[in-house]
Amino acid sequence: MGVERKPEFFASKGIKVGIIGCGYVGLPLGLRFADEGQFVTGFDLDHAKVKKLNAGESYIQHIPAAKIKAHVDAKKFDATTDFTKLRDMDAVLICVPTPLDERREPDLSYVENTAKAIAPNLQRNQLIVLESTTYPGTTEDLVLPILEANGLRCPIARTEGPEGTKTDFYLAFSPEREDPGNKQFGLAQIPKVVGGINPPSGKAAANLYAQIVAKVVPVSSTRAAEMVKLLENIFRCVNIALVNELKQLSLRMDLDIWEVIDSAATKPFGFMPFYPGPGLGGHCIPVDPYYLSWKAREYDFATRFIELAGEINTAMPYHVVDALVGAMNEHQKSVKGSRILLLGVAYKKDVDDLRESPSLKLLELLTQRGAKLDYNDPYFPALHKMRHYDFSNMKSVELTPQNLASYDCVLIATDHTGYDYDAIVKNSKLVIDTRNATRKVKSGQEKVVHC
Ligand SMILES: NC(=O)c1ccc[n+]([C@@H]2O[C@H](COP(=O)([O-])OP(=O)(O)OC[C@H]3O[C@@H](n4cnc5c(N)ncnc54)[C@H](O)[C@@H]3O)[C@@H](O)[C@H]2O)c1
C-alpha cells in the first residue's frame, strides 16, 4: 500500500522533493523548495557535483555556497547518485539536458534514461514532472509509456468526468524559465506554467509549484505546456535574428542600430527591444527552436520563421569576422599572423556559461584564418575541451595596459559589466565592438569599429 497522496497533499509543507539533474535549472529549483520548508534530494550522475553539494559547495557562479551549506546543515537538502532513493520521494522533478545531436536533431536520451531510472522506483500517488525543454508530445509519447511499463497507470484525459479521473500516479510538464544572472526576476517572481496528463496530475503539480512561485498558470495539457516554452524561445530567436539583420543594413546605411532600438523602445506599447550581437548563445535559444522544426516535419509542415532566423543568427560570427578583416585591412594588416585578443567567452554578460557561445565560433574562425589568438574572461580563467571545440590550452590573459597595447586588434564579443571600456579603448590599437559596449567611452572612438 503506497502513501496516500491526493492532489491537495502537494500543497503541504515538509514533503520530499527529488530533483533529477542538479545543473543550472535543477539546483536553484531544489534550493527554492528547500527555502519553503520542503525536504529536497538532488539526484545526479555526476559524482563530483553530488560530493560538492553534500559538502555545501557550489559549482555555479551565481549560486552562493552559503545558501547550499545552510540547507545541507538544516537537513533540508542533500544529493545522491543512488536512484533507488527516488522511491522515498513524494514528487520528482526532471531537469536533465535536452541538447541537439550531431545532425542537429533532438537528443532525448537524457530524458529517456531518466524515465527509465524512475520507472522501477515509481510509487503509487507519486508526482513526476518533466521540466526539460522539449517538443510537444514528449511527456505523453516518451515519458508516460516508460513510467507505465511496470503496471501503474496515468491515463491521458483533458477533462474530469463526473466520477473524477482514476490515476495511479501523477505526471505533468512544467517548463523552466530560469534566466541565469537575471537580478530582477528570480525563480520566485516568475510565473510557472503547468500542464498535467490528466486533471488530478495538473492539480497536484500546480499545488506543488504554488509553494515556490508567485503565480501558477495552469494549461490544458502537457503538450500545451511544452509548446508554451518553445513559443517563448522561438519568439526571442526570431526577434534577435530580425535585429541582427537590421544591424547589418544599418551599418551599410550608416545608421546606429542601438540608437534606433533604444528610441523605438520608448513606445509604451506594441514594441519590445531585442539587441543584436555576434551570434546566438546559451543552452536554450540556439537549440530549442529546432525541437519544434524537427517535430513539425512529422506533420509535413515547414517552420520557415525558425529556419530563416537560424540562418541569420548562424551567419553572425562570419559577419563579425568579415568586419574584423575589413577593419584590419584599413590598418594595412592581414589577419594571418596578427595578434588578436577576444574579450568575453561566456555566451552573455556576467555569466559563467559558455554553452553554444558565439565567442567559440569566433575563436575557431579566426584561428582558421591564421590569427594568433588570446582571450580574456573573468568568469573563465582557462578553457576546457567541449563537445565541438577544444581550446584546452588557452588561459585568460590579464587586461593590463601593456597587454592591450600589444595586440593588433581587440574584439569585444561579450560585454561583461566588470570591463573598464575606457581603459580598453585607450590602450588598444583597434577595437571591434559587437555589443555597443564602448558607447559611453569619451575618447578614442576613432579606434572603435562597430559591427
Ligand atoms: N540553463 C538555462 O538557463 C535553462 C533555462 C530554461 C530551461 N532549460 C532547460 O532545462 C533543462 C536542463 O538544463 P540545464 O541548463 O540545467 O542543464 P545542465 O547541463 O546545467 O544540468 C543538467 C544536469 O543533469 C545531469 N544529468 C544528465 N543526465 C542525467 C541523468 N540521466 N540522471 C541524473 N542526472 C543527469 C548532469 O550531470 C547535470 O548536472 C534543459 O532541457 C534546458 O533546455 C535551461
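**Starting from one residue pair**

Tutor: Let's begin with I340, which stands opposite L373 in β10. Before going on, the ground rules: this is a predicted model, so to speak, with local features needing pLDDT of at least 70 and side-chain atom pairs counting only at pLDDT 80 or more, while totals for chains, interfaces and linings use all residues. Residues are numbered from 1 along each chain as its sequence is written, and side-chain values use heavy atoms, leaving out hydrogens and water.

Strand β9 (residues 339-343) runs parallel to β10, the two being joined over five bridges. (Strands here are DSSP E runs of at least two residues, helices are H or I runs of at least four, and both are numbered from the N terminus; two strands pair if DSSP finds at least two bridges between them.) Zoom out and you get an open sheet of five strands, paired in parallel in the order β10-β9-β11-β12-β13. Its edges are β10 (372-376) and β13 (448-450), each with a single partner strand, so one side of each has no neighbour in the sheet. On average, neighbouring strands of this sheet are turned by 20° against each other, direction ignored. (Axes are lines fitted to C-alpha atoms, for helices over the stretch in contact; angles run from 0 to 180 degrees between N-to-C directions.)

Now the helices. α10 (residues 304-330) lies across β9, β11 (409-412), β12 (431-433) and β13, at about 155° to β11. α11 (residues 358-368) also packs on the sheet: it touches β9, β10 and β11, and its direction makes about 175° with that of β9. (Contact is heavy atoms within 4.5 Å.)

Elsewhere in the chain you'll find another parallel pair, with five bridges joining β1 to strand β2 (residues 39-43). There, I19 has G42 in β2 as its bridge partner. Strand β1 (residues 16-20) has four of its five residues buried, so the rest of the structure largely encloses it. After α1 comes G37, with a positive phi near 90°.

The largest nonpolar core has 38 residues, and I20, I118, I128, L147, F169 and L171 touch the most other members. (A core is a set of buried Ala, Val, Leu, Ile, Met, Phe, Trp, Tyr and Cys joined through side-chain atoms within 4.5 Å.) Elements giving it two or more residues are β4 (91-94), α4 (109-118), β5 (127-130), α5 (138-148), β6 (170-173), α7 (222-252) and α9 (288-297). The largest share, five residues, is from α5. For a local view, take I128: leaving aside neighbours within four places in sequence, it contacts V92, I94, I118, L122, L147, Y170, L171 and A172. Apart from this core lies another, of 36 residues, including F33, V40, A205 and L208.

How values were computed
Buried < 20%, exposed > 50% of the residue type's maximum accessible area, 1.4 Å probe, protein only.
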